[in-house]
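Open the model in your viewer and keep the sequence panel beside it. This tour gives one selection at a time and says what is there.

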Amino acid sequence: MNNLTELYIKIKEFATSHNMVNEFFLARDENDLRNREFDYRTLSIMPLEANISRDLNSPVYTLDFAVVILDKVIYENEINNIAIIEENLFIVGQLQDYLIQNNYDVNFENVDVMSMKEGDYTVSSAVCDFQVVLARKPYQLDIDN
């Protein structure tokens, strides 16, 4: 059975073993992203919401996460600015493939690509939401009073 802890461990393994990612962390809220010094390229996930269902006698948890990938390059170099976007999107695609290969039922949404000038650098981000469906126990549990 896939559970949330196993999912977190899989994503962390992906990020820490990926040659293009220098840092991984779980953001607890948006302030974690705003108030942090990054070791670029950073991959972060943030839980957003969950749904619990027993529809059609198929008990599942459906969880939504945000994925944020950040990197920076020297501002003046246009080719590097395009390459950083391409690389960020590549990592998002590989994360999706990795989770599917590890038997997770995932659905990735549109990827927002944003860039901003920070001093002599361009900081580029790829931000998307993804949804994962995790199996629950197939029978109803006693209530723990």
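Start with the whole chain in a cartoon view. From the N terminus, the elements follow the order α-β-α-β-β-α-β-β, which makes 3 helices and 5 strands. Helices (H or I, at least four residues) and strands (E, at least two) are DSSP runs, numbered from the N terminus. This is a predicted model, in which local features need pLDDT of at least 70 and side-chain atom pairs count only at pLDDT 80 or more, while totals for chains, interfaces and linings use all residues. Residues are numbered from 1 along each chain as its sequence is written, and side-chain values use heavy atoms, with hydrogens and water left out.

**Whole chain**

Colour by pLDDT, the predictor's confidence in each residue, from 0 to 100. The mean for the protein is 89, and 92% of the residues reach 70 or more.

Zoom out. Along the principal axes, the C-alpha atoms fill a box of roughly 60 × 30 × 25 Å. Of the 145 residues, 37% count as buried; buried means under 20% relative accessible area, exposed over 50%, and partly exposed in between (1.4 Å probe, protein chains only). Switch to a surface view: the accessible surface is about 9,300 Å², with 47% of it belonging to carbon and sulfur atoms. Such areas come from the Shrake-Rupley method with a 1.4 Å probe, and for residues only the protein chains shown count as cover.

Now turn to contacts, meaning heavy atoms within 4.5 Å. Among contacts between residues at least 6 apart in sequence, 56% join residues at least 24 apart.

Select β1 together with strand β2 (residues 42-53). These strands run parallel and are joined by 4 bridges; two strands pair if DSSP finds at least two bridges between them. Pick Phe24 and look across to β2, where its bridge partner is Leu43.

β2 pairs with β3 in the antiparallel sense, over 11 bridges. Thr42 has Leu70 of β3 as its bridge partner. Follow the chain from β2 into β3: the two form a hairpin with 6 residues between them, and Leu56 in the turn has a positive phi of about 55°. Most residues other than glycine have a negative phi, and most peptide bonds are trans.

Step back to Tyr40 and Arg41, which are joined by a cis peptide bond with omega about 0°. Arg41 belongs to the loop between α2 and β2.

**The loop between α1 and β1**

Which residues does Met20 touch, not counting those up to four places away in sequence? They are Arg41, Glu87, Phe90 and Ile91. Met20 sits in the loop between α1 (4-17) and β1 and is partly exposed, with a relative accessible area of 24%. Draw a distance from its C-alpha to that of Pro47: the two residues are 27 apart in sequence and 23 Å apart in space.

Select Asn19, in the loop between α1 and β1. Asn19 counts as exposed, at 77% relative accessibility. From Asn19 to Val123, 104 residues apart along the chain, the C-alpha separation is 19 Å.

Go to Asn103, in the loop between α3 (78-101) and β4 (105-118). Its phi is near 65°, a positive value in a residue other than glycine. Asn103 counts as exposed because its relative accessibility is 64%.

Select β4 and β5 (residues 121-135). They pair in the antiparallel sense over 12 bridges. The hairpin of β4 and β5 has 2 residues between the strands, and Gly119 in the turn has a positive phi of about 65°.

Last stop: is Ser125 buried or exposed? Ser125, a residue of β5, is buried, with a relative accessible area of 9%. Show its neighbours: leaving out residues up to four places away in sequence, Ser125 touches Ile69, Leu70, Asn88, Asp112, Val113 and Met114. Leu70 in this list is also the bridge partner of Thr42.
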